[in-house]
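Student: I am new to this structure and would like to go through it slowly, asking at each step what a term rests on. Could we look at it together?

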Amino acid sequence: MSAPLSSLRILDFTTLLPGPFASLLLADLGADVIRIESPTRPDLARLFPPYADGQSTTHGYLNRNKRSLALDLKKPEALDIVKRLVADYDIVIEQFRPGVMDRLGLGFAALKAINPRLIYCSVTGYGQTGPLRDRAGHDINYLALSGLASYTGRQGSGPLPLGPQLADVAGGSLHAVIGILAAVTQRAATGEGAHIDISMTDCAFSLNAMSGAAALAGGVEPGWEAGLLNGGSFYDYYETADGQWLSVGSLEPQFMAQLAAAVDAQEIAGLSLAQDPTIQANLKTRLRMAFRQQPLAHWLDVFRQCDACVEPVLAVSQAASQPQAMARGWVVDVPTAEGGSQCQMACPIRIDGWQAEYRQAGGAVGSDTQAILHALGYSGSDVARLGEAGVLG
């Protein structure tokens with residue numbers, strides 16, 4: 001079976017995390033992705049430690065299965081190259097502030113005039129419109145402005161900085177992929193391209209899901225440790241005797257019954273959905289006391305024998321080596337340009353009859369420039385001239 005997205009050809013102008021993670025998913029699913037990179041202003045993701053085979057591990061992962069074309073977009077000859085590519089590479093992902101691509105001569109209107117089937121996805125912090133459209137921002141700002149941080153934390157310490165970049169990835173990356181694939185489907189029916197406006201803050205706001213629905217339609221504002229699922233009930237993390245942690249999610253009565261038996265506390269068996277805050281506080285205290293009596297290994301043995309929605313909190317390396325990860329192929333070895341390999345997270349999408357291919361980890365800036373230009377019809381002397389003129393860095 002051919003790769004699901006093998007018909008898609010994408011020019012990726014993005015840096016850091018949101019856009020590159022989106023194009024990583026598309027590339028893993030078979031899309032032909034060319035990254036357009038500045039030869040003079042490096043993507044900061046290339047600089048994040050640690051390093052393996054001379055490359056940032058972040059860059060090696062986010063930019064696998066893609067090719068790199070180094071272009072100085074301030075040079076007219078570079079714009080000519082992009083415009084020639086757009087004849088065939090009819091999906092563009094860009095992550096500049098609104099108006100930047102227009103000023104470069106590479107905005108949606110300019111490129112659509114070359115290819116009316118163009119799908120053009122703009123990923124920004126606040127979108128193409130609104131009073132914040134030109135404002136700088138990062139993941140933590142989008143979480144704050146979208147309301148997500150207002151009930152993610154503890155009452156005694158306030159908002160909690162998340163480990164993963166939720167607004168960047170769940171907001172920007174995943175919604176960009178959804179928007180692109182929706183536009184591809186629409187184009188198949190109409191023949192027309194589209195401009196997709198992805199605001200990471202818009203998308204983060206939609207992630208409020210149940211809490212957002214309660215606030216908007218029910219008038220119930222979420223707060224720290226005030227709800228069933230954010231620390232306001234026994235649904236929480238508990239420390240064991242050896243300083244490890246367990247996650248407890250025994251919400252349904254049948255799971256709570258098994259939890260009660262496992263910790264030898266039958267008096268709590270029917271309390272999982274109790275609405276009284278005092279009851280929930282007492283329940284948490286009872287569970288804290290129980291779990292602190294024994295080390296993690298003891299509790300793993302106990303809960304291995306029952307179905308109570310209780311699991312250990314694992315470090316990333318532990319998560320990668322657990323039996324479930326091994327059975328599902330969470331980790332793969334990806335070849336590097338230097339002839340070695342890099343251990344990376346696998347594509348998580350499973351489709352019958354197809355397996356993702358891992359051709360190469362992210363490589364050096366412009367590593368594919370000559371091959372791409374030759375395929376466009378540029379001769380060796382043309383490429384040399386462009387290099388001398390600083391177009392290629």
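Student: Why does Thr-201 count as buried?

Tutor: Please keep in mind that this is a predicted model. Thr-201 has a relative accessibility of 11%, and buried means under 20%, so Thr-201 counts as buried. Thr-201 lies in helix 8, which covers residues 200–206, and, not counting residues up to four places away in sequence, Thr-201 touches Gly-125, Tyr-126, Tyr-142, Leu-145 and Ser-146.

Student: How do you know on which side of helix 11 the buried residues lie?

Tutor: The buried residues of helix 11 are Gln-280, Leu-283, Lys-284, Leu-287, Ala-290 and Phe-291. They cover an arc of only 125 degrees around the axis, which means that they lie on the same side of helix 11. An α-helix has 3.6 residues a turn, so residues three or four places apart point the same way. The buried residues of helix 11 pack against strand 8, strand 11, strand 12, helix 10 and helix 12.

Student: What span is expected for helix 11, and what does helix 11 reach?

Tutor: With 15 residues, helix 11 reaches 21 Å from its first C-alpha to its last, and this is close to the 21 Å expected at 1.5 Å a residue.

Student: Why is the contact between Asp-32 and Arg-67 called a salt bridge?

Tutor: A side-chain nitrogen of Lys or Arg has to be within 4 Å of a carboxyl oxygen of Asp or Glu, and the closest N and O atoms of Asp-32 and Arg-67 are 3.3 Å apart, so the pair is a salt bridge. Asp-32 lies in strand 2 and Arg-67 in strand 5, so the pair ties together parts that are 35 residues apart in sequence. Arg-67 has a relative accessibility of 27% and therefore counts as partly exposed.

Student: Which parts of the chain does the salt bridge of Glu-225 and Arg-154 link?

Tutor: The side chains of Glu-225 and Arg-154 meet at 3.0 Å, N to O. Glu-225 is in the loop between helix 9 and strand 11, while Arg-154 is in strand 8, so that distant parts of the chain, 71 residues apart, are linked. Arg-154 is partly exposed, with a relative accessible area of 34%.

Student: Why is Arg-304 called exposed, whereas Asp-301 is called partly exposed?

Tutor: Exposed means over 50%, and partly exposed lies between that and the 20% cut-off for buried. Arg-304 has 55% relative accessibility and so counts as exposed, whereas Asp-301, at 42%, counts as partly exposed. Their side chains meet in a salt bridge of 2.7 Å, N to O, and both residues lie in helix 12, three residues apart, about one turn of the helix. The structure holds 14 salt bridges, and Arg-35, Glu-37, Asp-43 and Arg-46 are linked in a network of them.

Student: Which residues form the nonpolar patch on the surface, and what makes Leu-273 partly exposed?

Tutor: The patch is formed by Met-210, Leu-228, Leu-229, Tyr-235 and Leu-273, with about 470 Å² of accessible area together. Leu-273, found in the loop between helix 10 and helix 11, has a relative accessible area of 46% and is therefore partly exposed.

Notes:
Residues numbered from 1 in each chain as written. Predicted model: local features only at pLDDT ≥ 70, side-chain atom pairs only at ≥ 80, totals over all residues. Heavy atoms only, no water. Patch = residues over 30% accessible without salt bridge, like charges linked within 9 Å, V, L, I, M, F, W, Y side chains within 5 Å. Areas by Shrake-Rupley, 256 points an atom, 1.4 Å probe, with all protein chains shown as cover. Helix = DSSP H or I, 4+ residues; strand = E, 2+ residues; numbered from the N terminus. Buried < 20%, exposed > 50% of the residue type's maximum accessible area, 1.4 Å probe, protein only. Expected span 1.5 Å × (residues − 1). Arc of directions from axis to C-beta. Contact = heavy atoms within 4.5 Å.
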